[in-house]
Amino acid sequence: MQQSDDAEQNDLSLEEVVRSIQRKGCEGQSIEVKAASQGTPKVYDSLSSFSNQNEGGIIVFGLDESLGFEVVGVHDAQELEKAVTAQGKEMYPEVRPVYSESLIDGKTVVSAYINGKPMGERPVYRKTAGISAGSYTRIGDADARMTPTQLYEIETFKDGRRDDVSVDPQADSDMLNPGKRHDFISRAQRERPLLARRNEDEILELSGVCRRGSPTLAGLMTLGEYPQQVYPNLCITAVVVPGTKAGTGLGGERFLDNQRFEGTIDRMLEDAMAFVRRNSRTRTVIRDGVRTDIPEYPETAVREILTNALMHRDYGPYCNGTPVRLTLFADRLECWNPGGVYGGQSINDLGFANSQTRNPTLVSLLEIEGIAENRHSGIPAIREEAKQCGYKPVEFQDRQASFTVRFYSVPERAGAAEATVPWSGTAVSDPAKKSIGIRDRILDFCKEPQSLESVAHALGLGKYYVRRRYIEPLLVENALSMTLPDRPRSKYQRYVANDSFSEVSSGKQP
């Protein structure tokens, strides 16, 4: 995700910041506005939230939000700065704002810049309130109290705790899959010279698969027979949503496909990859008479997104009851996992700077298995795949101790022509045959009533994808009609083009 506009306000003059706020009509992730025309307001929450985020933030005194961010000026600039400084001294660690003053519209406006603290100095909180009640984080334009999960994530980093090598009381060595165990030991002896002369039990202990004879969380998630026996929700839930936001389709359904994937990380990864392939299309592009098939979601990008989610998610006690969530919308793939960017690294540095690893033992085991490489190349690969496909830039969001990736399947440039897919049996290499849009093909094909299966087969696409991406929008536009409108999900349902629409779309006059 690109750096937010309000985060760039730090490089602007105070008047430019004020005009930007007025133009946008809102505060932001790193901007807080206070009127202060009658005195100094309490800003402990903002002092905390801005200190607890990498980019810090600016508190602007002298604008009234209730009046559309009109400049009302401060009561007394010198007294205000003294009072805010005193509030900063009540924080732990102490917060020391940097002030700026400006005469705007004939009135004095004051800004206080709050520097973001490094992860080792967080959480910043009001001493009289304590850590739990006095620690805040910024969500959009609001200050919100930090959750136990967020506080635990900070303390885990500071204390060097490693949840991936924790051992559950239920864990037993018999829960390891014999075949996986054998293959892992062979690979470890081959790829890790210092383990080559060790016996099997020593290799399992030294690599972190086991601790004192019992499998660790990392060991079960990589070599377990059924890890969910101990960790029921360390899985992937995957859904296909009709449309571009969660809701219900024309038939009242919430999901077009809904799956849960369990097992070890490699098994979940492959099953989730198959799910994406099953619910997405392949577009065909012909350049200079050469046919190229381009998947809607490139396999390399999907694999990196899912691997990162499973490898770098939070496996701590507040999160190991939460699955990784994969959602396919009509225009994007979203993958959410518990656990934000580890160690307080800026999201803008992902893929460009080395970062500390939340689960080093798990990552090492996945490296030995050949599933992951941990060379910080995943994020650049995801970005590059989107660029190669001509898609919108990938979005990465780090919010409330969670991480979300949005991989769009729509062109970066507005108005770009939709890619086309030839009908089954069409000689696409024949340049004399024109390729027309999928929507027009469907309307032409449905001049006679056709089933969903027939349309999907003719397109060479999955029926769930065809219904979500094309059939339902065409029904909404009244371009298609159902032969059984009272029973939209009937197996006898057929779709037929409305004559007036099909004639207009094909260039004929009604």
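The charged end of K392 sits over the ring of Y408, 4.0 Å from the ring centre. A charge counts as sitting over a ring if NZ of Lys or CZ of Arg is within 6 Å of the ring centre and within 35 degrees of the ring normal. R126 likewise lies over the face of Y44, at 3.6 Å from the centre of that ring.

**Basis of the description**

- This is a predicted model, in which local features need pLDDT of at least 70 and side-chain atom pairs count only at pLDDT 80 or more, while totals for chains, interfaces and linings use all residues.
- Residues are numbered from 1 along each chain as its sequence is written, and side-chain values use heavy atoms, with hydrogens and water left out.

**Confidence**

- The mean pLDDT (the predictor's confidence in each residue, from 0 to 100) of the protein is 86, and 85% of its residues reach 70 or more.
- Over residues 1-9 the pLDDT stays under 50, and the model has 21 contacts (heavy atoms within 4.5 Å) for them beyond four places in sequence.
- Residues 414-436 also have pLDDT below 50, and this stretch has 39 contacts in the model beyond near neighbours in sequence.

**Aromatic pairs**

- Rings of Phe, Tyr and Trp (its six-membered ring) pair if their centres lie within 6.5 Å; planes under 30 degrees apart count as stacked, over 60 as edge-to-face and the rest as tilted.
- By this rule the count comes to 7 aromatic pairs.
- One of them joins F261 and F275 edge-to-face, with 5.8 Å centre to centre and 70 degrees between the planes.
- F261 belongs to strand β14 (residues 257-261) and F275 to helix α9 (residues 265-278), so this pair ties together parts that are 14 residues apart in sequence; helices (H or I, at least four residues) and strands (E, at least two) are DSSP runs, numbered from the N terminus.
- Both F261 and F275 are buried, where buried means under 20% relative accessible area, exposed over 50%, and partly exposed in between (1.4 Å probe, protein chains only).
- Y391 and F407 form another edge-to-face pair, 6.0 Å centre to centre with 85 degrees between the planes.
- Y391 lies in the loop between α12 (378-389) and β19 (395-399), and F407 in strand β20 (residues 402-408), so the pair ties together parts that are 16 residues apart in sequence.
- Y391 is buried, as is F407, and ring pairs link Y297, Y391 and F407 into a cluster.

**The six-stranded sheet**

- An open sheet of 6 strands has the order β14-β13-β17-β18-β20-β19, with mixed pairing; two strands pair if DSSP finds at least two bridges between them.
- β14 and β19 stand at the edges with a single partner strand each, so one side of each is left without a neighbour in the sheet.
- Neighbouring strands of this sheet are turned by 15 degrees against each other on average, direction ignored; axes are lines fitted to C-alpha atoms, for helices over the stretch in contact, and angles run from 0 to 180 degrees between N-to-C directions.
- α9 packs on the sheet, touching β13, β14, β17 and β18, and its direction makes about 170 degrees with that of β14.
- In strand β17 (residues 324-328), 4 of the 5 residues are buried, so the strand is largely enclosed by the rest of the structure.
- Strand β13 (residues 236-240) pairs with β17 in the parallel sense over 5 bridges, and L326 in β17 is the bridge partner of A238.
- β17 and strand β18 (residues 332-338) run antiparallel and are joined by 4 bridges; they form a hairpin with 3 residues between them.
- L333 in β18 is the bridge partner of L328.
- β19 and β20 pair in the antiparallel sense over 5 bridges, and R399 stands opposite S402 in β20.

**Covered elements elsewhere**

- Helix α11 (residues 360-369) has 8 of its 10 residues buried, so it is largely enclosed by the rest of the structure.
- Its buried residues are covered by elements including α6 (178-191), α7 (200-207), α8 (217-223), α9 and α10 (299-312).
- Just after α11, G370 takes a positive phi of about 85 degrees.
- In strand β2 (residues 57-61), 5 of the 5 residues are buried, with G57, I59 and F61 on one side and I58 and V60 on the other.
- Strand β1 (residues 31-34) runs parallel to β2 and is joined to it by 4 bridges; I58 in β2 is the bridge partner of I31.
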